Amino acid sequence: VQSIVVLGSTGSIGVNTLKIAKKFGIKVEGIVANSNTTLLNQQIEKFQPKYVAIANEKKKDAVKFDSLFVGSGGIIELLHHCQSPLVVNAMVGYSGVMPSIECLKLGKRLALANKESLVVAGKFLDCTQIHPIDSEHFGLWYLMGEKKFSKLYITASGGALRDWDVAKMKDARVEDVLRHPNWSMGQKITVDSATMVNKLFEVLEAKWLFNTDKIDALIEEKSIIHALIEFEDGSTTAHIADVDMKLPIAYALNQKIEGQILKPIDLLKVGSLKFKSIEEQKYPLWKMKDYLLQNPDMGLVLNAANDMMVEKFLNKEVSFEAIYKNIDKAIEKFDGFILNSLSDIELCNSAVRNFLLT
Ligand code: NDP
Ligand code: MG
């Protein structure tokens, strides 16, 4: 592609996307941020986008750009103006869902970091138009060939609390949970890693992207192996790459890459690799995995509850334990939920949030 739009340009994936765009000489036609106006202003100056939107209306006066689009409606307006065939959606949580739907409606391809879009609305999204920017799904895509597979594996790091006593985890503080052992990412996904919600999301993401229920996850603490495919013939292949999102981003922008994006892994430095199962005692939400695969519409409920509780946890309003307790509560309440159409999403998302407020 010659030009792209980047939603969530000021975030961890957004910033890396702009670096890759610059490296490939891809024009950045539009950018969208929420509240980091300092960085947004720098990006405006450096990339000279034609269109800019800020989601947080209170911040609009701080953005140095004429004809700025404002609010969540402003993001949709921006998408309508942009001509680029590819949109990178690196917004966080539910906020990214409607923009994803709109991109596909407009006939644009979607380079998708916002996995919540697939978790919430997977069955209504055309995955042939989606390039995943998630290291595990990128790894699966990279390994996938003509041969029939019997199982897809994605790996988990175990998150910031992986070495903690189970008994102490319930009271983990925000600072503890944000100390991810391997990846440097946005706050929300870092919390999702510690609760294993991120891996539940990724299982659903893989279900929609690869059209299969034969998906499982394993802990690989070095996060060097991102995904494995077990084929029917009994062979298993693994995708090994450094802990750096630039590789998945690069391929989401350009599938015909030549030359180096990352330094190869020094296998001798890695030494040994170890796989562990995800223990339900430590990650109580993991018990939901098969249920979610069988009831994928429940992804909307999981996401709505998780979005709300993680927000509260990051604001220090609730304990770490409250995240999974409230997710359980919402799943129980909305058990059997079916999403009938795209137009129900907003209402259903609010229904779950309202339930948890009471
Ligand atoms: P960050 O928190 O670093 O960035 C989020 C971005 O979204 C920021 O640009 C932020 O703006 C913007 N944003 C936040 N809320 C809104 C809103 N309501 N409307 C519009 N924009 C908003 O997150 P990450 O980059 O880490 O993650 C982004 C997505 O990518 C998530 O879905 C995550 O799960 C996924 N992902 C991330 C990976 C990573 O390595 N970071 C790996 C795989 C997936 P501002 O900063 O200006 O407030
Ligand atoms: Mg991932």
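This is a predicted model: local features need pLDDT of at least 70, side-chain atom pairs count only at pLDDT 80 or more; totals for chains, interfaces and linings use all residues.

Q: Which residues are the closest to ligand 1?
A: The closest are Thr10, Ser12, Asn36, Glu116 and Gly186, and 26 residues surround ligand 1 altogether.

Q: What classes do the residues in that shell belong to?
A: The shell around ligand 1 has 12 nonpolar, 11 polar and 3 charged residues.

Q: How far is the polar side-chain atom of Thr10 from an oxygen atom of ligand 1?
A: The distance is 2.7 Å. Ser12 uses a backbone N or O atom, which lies 2.9 Å from an oxygen atom of ligand 1. Ser35 has a side-chain N or O atom that is 2.9 Å from an oxygen atom of the ligand.

Q: And how much of ligand 1 does the protein bury?
A: The protein buries 86% of the 900 Å² that ligand 1 exposes when taken alone.

Q: Is Glu202 buried or exposed?
A: Glu202 counts as buried, because its relative accessibility is 1% and the limit for buried is under 20%. Glu136, at 6%, counts as buried too.

Q: How many salt bridges are there in the whole structure?
A: A search finds 24 salt bridges. In one of them, the side chains of Lys115 and Asp134 meet at 2.9 Å, N to O. Lys115 lies in the loop between strand S6 and helix H5, and Asp134 in the loop between strand S7 and H6, so the pair ties together parts that are 19 residues apart in sequence. Both residues are buried.

Q: Which lysine does Glu136 meet in a salt bridge?
A: Glu136 meets Lys199, at 3.0 Å, N to O. Lys199 lies in helix H10 and Glu136 in helix H6, so the two tie together parts that are 63 residues apart in sequence.

Q: What about Asp216 and Lys289, how far apart are their closest N and O atoms?
A: Those atoms are 3.5 Å apart in a salt bridge. Asp216 lies in strand S9 and Lys289 in helix H13, so this pair ties together parts that are 73 residues apart in sequence.

Key:
Residues are numbered from 1 along each chain as its sequence is written. Chains are lettered from A and ligands numbered from 1 in the order in which they are written. Side-chain values use heavy atoms; hydrogens and water are left out. A residue is near a molecule or strand if one of its heavy atoms lies within 4 Å of it. A polar contact is a pair of N or O atoms within 3.5 Å; within protein, one must be able to donate a hydrogen and the other to accept it, and residues adjacent in sequence count only if both atoms are side-chain atoms. Accessible areas come from the Shrake-Rupley method with a 1.4 Å probe; for residues, only the protein chains shown count as cover. Ala, Val, Leu, Ile, Met, Phe, Trp, Tyr, Cys and Pro count as nonpolar, Asp, Glu, Lys and Arg as charged, and the others, Gly among them, as polar. Buried means under 20% relative accessible area, exposed over 50%, partly exposed in between (1.4 Å probe, protein chains only). A salt bridge is a side-chain nitrogen of Lys or Arg within 4 Å of a carboxyl oxygen of Asp or Glu. Helices (H or I, at least four residues) and strands (E, at least two) are DSSP runs, numbered from the N terminus.
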